[in-house]
Amino acid sequence: MARLRDCLPRLMVTIRSLLFWSLVYGYCGLCISIHLLKLLWSIGKGPAQTFRRVAREHPPACLNDPSLGTHCYVRVKDSGLRFHYVAAGERGKPLMLLLHGFPEFWYSWRHQLREFKSEYRVVALDLRGYGETDAPIHRENYKLDCLITDIKDILDSLGYSKCDLIGHDWGGMIAWLIAICYPEMVMKLIVINFPHPNVFTEYILRHPAQLFKSSYYYFFQIPWFPEFMFSINDFKALKHLFTSHSTGMGRKGCRLTTEDLEAYIYVFSQPGALSGPINHYRNIFR
């Protein structure tokens with residue numbers, strides 16, 4: 001009996017782990033089945049249209065708009081990666097550091113760059129794997145520990161010890177973790193569209209409906225197929241994310257301009273440009 005009592009905690013951990021990974025991989029299988037059906041339906045309707053891609057060799061003019069700020073690069077000491085960011089406002093002013101979500105890049109903060117540059121040194125970053133920032137090939141390079149260290153090293157490289165930190169979506173997750181791990185670095189924290197990690201975990205376990213709303217987490221665990229599905233029909237799925245009433249900017253007066261939308265498609269249509277962003281999610285269950 002004593003031996004059984006000693007083994008019981010380990011047995012329960014093993015059972016829970018098996019149930020967890022069965023759920024993850026089972027839901028991954030369901031997601032890939034649904035998207036395969038979508039792919040077959042698209043091919044059936046028009047194979048030429050399905051695999052059509054417009055060549056985008058030159059960036060839209062809005063990405064080089066001088067009113068947004070200056071394009072800069074910094075190589076951080078820990079990883080050796082080169083990060084791209086756009087900065088507005090005078091050096092020496094308090095730092096406002098902006099972390100974007102998926103599928104976005106620095107340009108998502110264009111309005112904030114203009115709005116706050118009179119009071120702050122505003123820095124809109126391309127996260128690891130996004131835009132002009134270096135994108136390591138292996139998914140192990142996108143663990144949360146690496147992403148947290150990136151922000152810490154970037155702050156050091158910019159010559160600041162603390163900042164007002166703003167994060168949206170996946171950038172919000174990183175912002176939460178920075179505030180938890182390095183509270184001395186954060187003067188003010190603003191997180192948009194991402195709950196506290198502990199709250200999110202508890203909520204998703206108690207409310208299965210949220211599991212289905214977060215289905216893309218599971219879909220992104222599949223190698224290369226998500227990148228392919230985003231690229232078919234000349235990145236129709238990506239356009240839908242930004243323009244549909246359910247996920248995009250649907251309110252009148254707040255919609256993306258044609259040039260804005262083309263800026264996003266240009267960045268993510270570059271060779272390999274989707275793998276880095278999706279690799280962020282491929283480590284979420286680890």
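This is a predicted model: local features need pLDDT of at least 70, side-chain atom pairs count only at pLDDT 80 or more; totals for chains, interfaces and linings use all residues.
Let me start with Asp260 and Arg110, whose side chains meet in a salt bridge, with 3.6 Å from N to O.

The structure holds eight salt bridges, and I shall discuss two others individually. One of them joins Arg56 to Asp234, with the closest N and O atoms 3.0 Å apart. Arg56 sits in the loop between α2 (47-50) and β1 (70-75), and Asp234 in helix α9 (residues 225-243), so this pair ties together parts that are 178 residues apart in sequence. Arg56 has a relative accessible area of 13% and is buried. Asp234 is also buried, at 3% relative accessibility.

The other is formed by Asp134 and Arg75, at 3.8 Å from N to O. Here too the pair links distant parts of the chain, 59 residues apart: Asp134 is in the loop between β4 and α4 (144-157), and Arg75 is in strand β1. How accessible is Asp134? Asp134 is partly exposed, with a relative accessible area of 25%. Arg75, at 52%, is exposed, because the cut-off for exposed is a relative accessible area over 50%.

I turn now to the strands. β1 pairs with strand β2, residues 82-88, in the antiparallel sense, over six bridges. Within this pairing, His71 stands opposite Val86 of β2. The two strands form a hairpin with six residues between them, and Gly80 in the turn has a positive phi of about 80°.

β3 runs parallel to strand β4, residues 121-125, and five bridges join them. Val122 of β4 is the bridge partner of Met96.

Leu99 brings us to the nonpolar core. The largest such core has 81 residues, and those with the most contacts inside it are Leu63, Leu99, Phe105, Trp106 and Tyr107. Nonpolar side chains tend to be buried together in soluble globular proteins. What does Phe105 contact, leaving aside its neighbours within four places in sequence? Its partners are Leu63, His100, Asp126, Ala263, Tyr264, Val267 and Phe268.

Next, helix α1, which spans residues 2-45 and contains Met12. Met12 counts as partly exposed, at 43% relative accessibility. Together with Leu8, Leu11, Ile15 and Leu19, Met12 makes a nonpolar surface patch of about 460 Å². His35 also lies in helix α1, but at 19% relative accessibility His35 counts as buried. Beyond its neighbours within four places in sequence, His35 is in contact with Phe219, Phe225 and Met229.

Finally, some points of backbone geometry. The peptide bond from Phe102 to Pro103 is cis, with omega near -5°, and Pro103 is found in the loop between β3 and α3. Two residues have a positive phi although neither is a glycine: Asn193, at about 65°, and Trp224, at about 55°. Asn193 lies in the loop between β6 (186-192) and α6, and counts as exposed at 57% relative accessibility. Trp224 is in the loop between α8 (215-219) and α9, and at 59% relative accessibility Trp224 counts as exposed.

At 16% relative accessibility, Ile204 counts as buried. Ile204 and Ile180 are 24 residues apart in sequence, and their C-alpha atoms are 21 Å apart in space.

Note on methods: Residues are numbered from 1 along each chain as its sequence is written. Side-chain values use heavy atoms; hydrogens and water are left out. Patches are made of residues with over 30% relative accessible area and no salt bridge: like charges are joined within 9 Å, nonpolar side chains (Val, Leu, Ile, Met, Phe, Trp, Tyr) within 5 Å. Accessible areas come from the Shrake-Rupley method with a 1.4 Å probe; for residues, only the protein chains shown count as cover. A salt bridge is a side-chain nitrogen of Lys or Arg within 4 Å of a carboxyl oxygen of Asp or Glu. Helices (H or I, at least four residues) and strands (E, at least two) are DSSP runs, numbered from the N terminus. Buried means under 20% relative accessible area, exposed over 50%, partly exposed in between (1.4 Å probe, protein chains only). A nonpolar core is a set of buried Ala, Val, Leu, Ile, Met, Phe, Trp, Tyr and Cys residues joined through side-chain atoms within 4.5 Å. Contact means heavy atoms within 4.5 Å. Two strands pair if DSSP finds at least two bridges between them.
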